[in-house]
Amino acid sequence: MKPIVAIVGRPNVGKSMLFNKLIGKRLSIVEDTPGVTRDRIYGETDWNGRSFILVDTGGIEPRTDDQILSFMRDQAQIAIENATVIIFLTDVRTGLTASDQEVANMLLRSGKPIVLAVNKMDSTGAPDPDFYEFYNLGLGDPIAVSAVHGHGTGDLLDACLQYFPPEEEEEEEDDAIKVAVIGKPNAGKSSLVNRILGEERVIVSNVAGTTRDAIDSYFENDQGRFVFIDTAGIRRKSKVEEDIEKYSVLRATMAIERSDVCLILIDATEGVTEQDTKVAGLAHEAGKASIIVVNKWDLIEKDGKTMDKMREEVRNGLAFMTYAPILFISAKTGQRVDRLFELIDYVSNQASTRITTGMLNSVLADAQTRVQPPSDKGRRLKIYYMTQVGIRPPHFVVFCNDARLFHFSYQRYLENCLRNTFGLEGTPIILSIRQRG
Ligand code: GDP
Ligand code: GDP
């Protein structure tokens, strides 16, 4: 798993500007998925040879000043739960505020590595005297940055990197499968995790200062070893539906990054909603193996065709993930919950599939014999060869004479040929087209 760096701070301190500066144009992890839009809240980048995920926890605008603190608490909480290092961003123009101090205390208590940055230090001369008041936060030496000009961002990243785990550790981490349980609010995420763990965990209420750090739950049975990442987290009572949704997307995003397999929970009584499509799209774009879990199956009145109909509805609603198996469960009664484990293990293995170049090229030759590659104005696409360059998800590079001729439909066809031959069930795959000669 790659380290996660989260940017936390009051509205308008410059979080999104800093995010954009650090990510630059190197954004998308996986190619765009038609029909799935998402806010730019995370991206992958690298510094001194270490790649990491950067998350902007902002993007939610409190409406009144007295809401700022509770919004920041939520942001900070999400970052504490998921990040490797937290950048706490402040603003020299507004100076140190009471809510900065509150959040700093909360971050300090969490024991997470915190890097304090003071933004809008645009001139490079002697620092603004107001800069020094940020020492009062008790978070160590502040780093002066200008998100607009980029000054200080190198120092900032150096400071973050020192908290990253050694690279070897990152690679040979614990072999338990990390499972993110994602879905819209009330889909039944907590219920499922509680059912699996066989205990009712206490759900922290929205009392000032309450934090719950340990949201990863380790679980072991004869099917394997699993870590469940519960994205339900703290229940925040907000009157604004939209805010709840944004927080759930942010939580889901970070949990997905840390996971090997995503369980996408759909509420059977509501069918596939727009928000489900969005959450599933995040897992797809992150290149994670996924299982679509239709929950609350106990509430559905059934006849002989109900499951087939629902399956079709799910396939239509989540058309970009036809590779994901669908399981119908009830977190409440426990129906088929035990089937999840073998499925998680299975798709996790599928995502790690390695296929030899020889086998790939015989499938490629066969595919081209059956359906001729497209041509345009007398020039025909020639595919020279194909090789696998990565796993999780399986990533293939295809070399051809002219990338423009390699239409999406032929890529789709090739993807289907690969899936028909090698399975690759439950995992997205990436085809990178390279033009040669
Ligand atoms: P966010 O709400 O924390 O994401 O803040 P934004 O990134 O949207 O920035 C808020 C405002 O501060 C915008 O008007 C930015 O142009 C401005 N801003 C951000 N970074 C800097 C900076 O380094 N210097 C100056 N002068 N302005 C900045
Ligand atoms: P979360 O927000 O996704 O974590 O959802 P919760 O686990 O809190 O569940 C939301 C509501 O749905 C609660 O009232 C649960 O009791 C209920 N619920 C969850 N799973 C099931 C299920 O399988 N069947 C039924 N009947 N209710 C469920």
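Guide: Among contacts in the protein chain between residues at least 6 apart in sequence, 77% join residues at least 24 apart, two residues being in contact if their C-beta atoms, placed from the backbone, lie within 7 Å. This is a predicted model, in which local features need pLDDT of at least 70 and side-chain atom pairs count only at pLDDT 80 or more, while totals for chains, interfaces and linings use all residues. Residues are numbered from 1 along each chain as its sequence is written, and chains are lettered from A and ligands numbered from 1 in the order in which they are written.

The protein chain has 12 helices and 17 strands, taken as DSSP runs numbered from the N terminus (helices H or I of at least four residues, strands E of at least two). Of its 437 residues, 38% are buried, where buried means that 20 or more other C-beta atoms lie within 10 Å of the residue's own, exposed means 12 or fewer, and partly exposed is in between, with C-beta atoms placed from the backbone.

The part to examine closely is helix 12, which runs over residues 408–422. Its 15 residues reach 21 Å from the first C-alpha to the last, close to the 21 Å expected at 1.5 Å a residue, the expected span being 1.5 Å times one less than the number of residues. Within helix 12, Tyr410, Leu414 and Leu418 are buried. They lie on the same side of helix 12 because they cover an arc of only 85 degrees around the axis, the arc being that of the directions from the helix axis to the C-beta atoms. The other side of helix 12 carries the exposed residues Phe408, Ser409, Arg412, Asn416 and Asn420. Among the elements that cover the buried residues of helix 12 are helix 11 (357–370) and strand 17 (430–435). After helix 12 comes glycine 423, whose phi is positive, near 85 degrees.
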